[in-house]
Amino acid sequence: MALVELADLTIAFGGRPAVSGLSLRIERGDRFGIIGESGSGKSLTALAIAGLLPETATVSGEVQFDGVPLPADERALARMRGKRIGMVFQEPMTALNPLMRIGEQIEEAIALAELSEAAQTLLPGLLGEVGLEPGHAARFPHQLSGGQRQRAMIAMALVSQPELMIADEPTSALDVITQRTVLDLITEICTRRHMTLLFISHDIRAVAALCSRVGVMRAGKLVEQGDTEAVLGAPKADYTRRLLAASRMDRQAALIKPHDRPLLAVKNLSRVYQQAGFWFWRNPPLRAVDEVSFEIGAGECVALVGPSGCGKTTLARMIVGLDSASEGHMVLDGSPYRGRDLPPLLRAGLSLVFQDPFSSFDPRMSMGDSLAEPLHLLGRLSGEEQAARLREAVEAVGLETGMLKRYPHEFSGGQRQRLAIARALVTRPRLVVLDEPVSALDVSLRGEVLHLLSRLRAEHGLSYLIISHDLDMVAAMADRVLVMEKGRIVEEGTPEHLFAAPQHRLTRALMAARLPDVA
Amino acid sequence: MTWGAIRQHPSLYIGLIAAAAFALLGLISLWWTPYPIEQIAIARRFHGPMAEHWLGTDHLGRDMLSLVMSGTLTSFVVAALGVLIGVGLGVPMGLAAVAWGGALEWLVLRLSDLTFAFPAIVVAILIAALAGPGETNAIIAIGVFNIPVFARVARGGALAVATQDFVAAARLAGLGNWAIAVRHLLPNIMSLLIVQGTIQLSLGILAEAGLSYIGLGTQPPATSLGLMLRDAQSLFLIHPWLSVVPGLTIVFVVIALNIAGDGLRDAMDPRLRREGLAHGAG
């Protein structure tokens, strides 16, 4: 008998179906993965299994857990959830109570599972199982790293010895190295406890590495399901094939030869933050960026790689002039600057594409107005010239000028990122800084955007500085890679050399954390 | 904000209609009242509600309905001008605090702390001592009291907006602090300000009634709801009706504005809007 069985499940909001006609079986001991883009209804499916759908949802069809339909009574449902289902969410910071110590939160879960008398013996065991030290129990969530918080969440989910663990994008808020360790931990625990796993992700490679069976969802429908090897090895549905193709990043051929003359030179650049404290109890100042020097040639694509918090974003903010350096300076096209003092005309030669396409446009401003904003830097332009510049930029990214009258909420994530790139191009810059340009996008859109970027580079002779922790993307795009750790650049080289024979400990760790390619 | 949003929030619908009805009643009094409010007829005083005088007459024989209409107008005008002063000075202060930060932010916050320390009554007494009582006195006192309220609301909203990437993008586009505040921060906190404006309007009406009641606001022969209460106060035990009419009017206007304010907040807050779909994302 299947542990979870969904028959013809339909979930609708205000008449619009978000999930329609979904049937699937998860056998006891399976590791089942659901793959799908954002908005495909995969999280709703998981919530339906746990009986956690919002009240505004209208549900039809049947959800059976261990052969019995979900109890209608809220108390019985809560009891079943507490004892038999464990859940791990995407963002552990919001799923943990910020005012309670980790140990107390796990003990609360133990009390809810009616195992209070055993709390003293259970707690150390659970912490050990998820790879936390006993000392971590006394800490608050903000004193733990993202990976440690996710481990604490997993410990809480394990308390009641659940038969089913639901993990909803548990690693997409984490950086590559942590992502790999958390995925390994989930695999190990499921094997040891013979637990059934429902793993939800948009990352086809994470699902492939973890799950024995997969289902592919699109627009509320299950388009394909079966054994991982069968589905990903020989996909039947068109959509699965497209997803698979998108997850492979092909090397974007460099069509232009970089010049040797440096466009941007960064010289002994440091950014120092004074930390809180008093007198000589004061903590030593934090050197977010520490004596960094490098050059970017005209037409070159340089990638800056490192774990979260290594100072790569701070460095990018100084280069584009959002922040000023504490020591050292930069030289752009022969003119030195320290950051915010970048003069307007020089500023026009530089632009930045933000990570999150959803917050990089003013929701109250039409796309045309947002895109035209950087043209201020060029002094007064006539209306016609301004319109011509906009048309050129919008057509370069493959969209139409008619779209400029619309507002940001009318665009999808991929279109917004294209428009963000168009905004970056509108002043005809020579260097574009890309801060994680595709990490907020669904896997299926990443390939398109990267292809667009390399085409624009060839057409306009742009130089790129790509900031990322995604080695596959870097390997596909960059001519040269800089590896950064704790504010310093620790290794440098072409992607071929660097990834074939990594020298530094961090580069090796990043390489080891890469998820294996899908068949 | 669309008509659909209004239909989804019946409280907004009811509140706005009731508040608009009172405001309209006041506006009509500019051109027409059943009887002129200065017309004293001692012979007809202390009538209860009757066909000629729907709400009766007061201790000087004036028509109560005319007085209520005119008094409502005074209350609305005084409160609205007070809100206008608060918005006009407070919002730029709050935006400037966010856009420039540093010492200016400190100054704005300390200034609003200082103003908060003086209730509207104390400011009104101060102004009355300097310039004599009157409507202008009440407007300034309520306005001064509103400045820090709007400065704080604007600063709080703008702080949240300022962390978004599009503000950084505007900075990259070479926009100065002031341009960023006007083009990006202000439009994004507009809904917050409208909601706060409605609530301050109702507080302003209460404050005006209070100031007139203690004799620092509107002076006869003009009238306001607070002044009517003050006139009726000594006669409360004999003719309770004279206090009940202006008192209930104040209560209804304030309730209507508060309901409208709550409804506006529900309709405009994007976190509450489309709650069901938000869960489905991802």
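Predicted model: local features only at pLDDT ≥ 70, side-chain atom pairs only at ≥ 80, totals over all residues.
In chain A, an open sheet is built from 6 strands, which follow one another in the order β16-β17-β18-β13-β19-β20 and show mixed pairing. The edges of this sheet are formed by β16, covering residues 350-353 of chain A, and by β20, covering residues 488-493 of chain A, each of which pairs on one side only. From one strand to the next, the twist averages 20 degrees. Strands of a sheet pair through backbone hydrogen bonds, in either a parallel or an antiparallel manner. Strand β19 of chain A, which spans residues 480-485, runs antiparallel to β20(A) and is joined to β20(A) by 5 bridges. In the pairing with β20(A), A:Val483 has A:Glu491 as its bridge partner.

Two packed helices are described by the angle between their axes together with the distance between the axes. In chain A, helix α4 (residues 102-112) packs against helix α6 (residues 146-158) at an angle of about 20 degrees, and the axes of the two helices lie 8 Å apart. Because angles under 35 degrees count as roughly parallel, α4(A) is roughly parallel to α6(A). The crossing of α4(A) and α6(A) is right-handed, and the contact is made by A:Ile102, A:Gln105, A:Ile106 and A:Ala109 on the side of α4(A) and by A:Ala152, A:Ala155 and A:Met156 on the side of α6(A). The residues of this contact comprise 6 nonpolar and 1 polar, with no charged residue among them.

In chain B, the axes of helix α7 (residues 165-172) and helix α8 (residues 177-213) come within 11 Å and cross at roughly 145 degrees. The crossing of α7(B) and α8(B) is likewise described as right-handed. From α7(B), the contact draws on B:Phe166, B:Val167, B:Ala170 and B:Arg171, whereas α8(B) contributes B:Ile180, B:Arg183 and B:His184. The residues of the contact of α7(B) with α8(B) divide into 4 nonpolar, 1 polar and 2 charged.

Chains A and B also touch one another, in a contact that takes 28 residues from chain A and 21 residues from chain B. On the side of chain A that touches chain B, at least two residues are supplied by each of α1 (42-49), α12 (344-347) and β16 of chain A. Strand β16 of chain A is thus both an edge strand of the sheet and a contributor to the side of chain A that touches chain B. The residues on that side of chain A divide into 13 nonpolar, 9 polar and 6 charged.

Terms used: Residues numbered from 1 in each chain as written. Chains lettered and ligands numbered in written order. Axes fitted to C-alpha atoms, helices over the stretch in contact; angles between N-to-C directions. Helix = DSSP H or I, 4+ residues; strand = E, 2+ residues; numbered from the N terminus. Left-handed = near helix turned anticlockwise from the far one by under 90°. Contact = placed C-beta atoms within 7 Å. Nonpolar A, V, L, I, M, F, W, Y, C, P; charged D, E, K, R; others polar. Pairing = 2+ DSSP bridges. Parallel < 35°, antiparallel > 145°, perpendicular 65-115°, else oblique.
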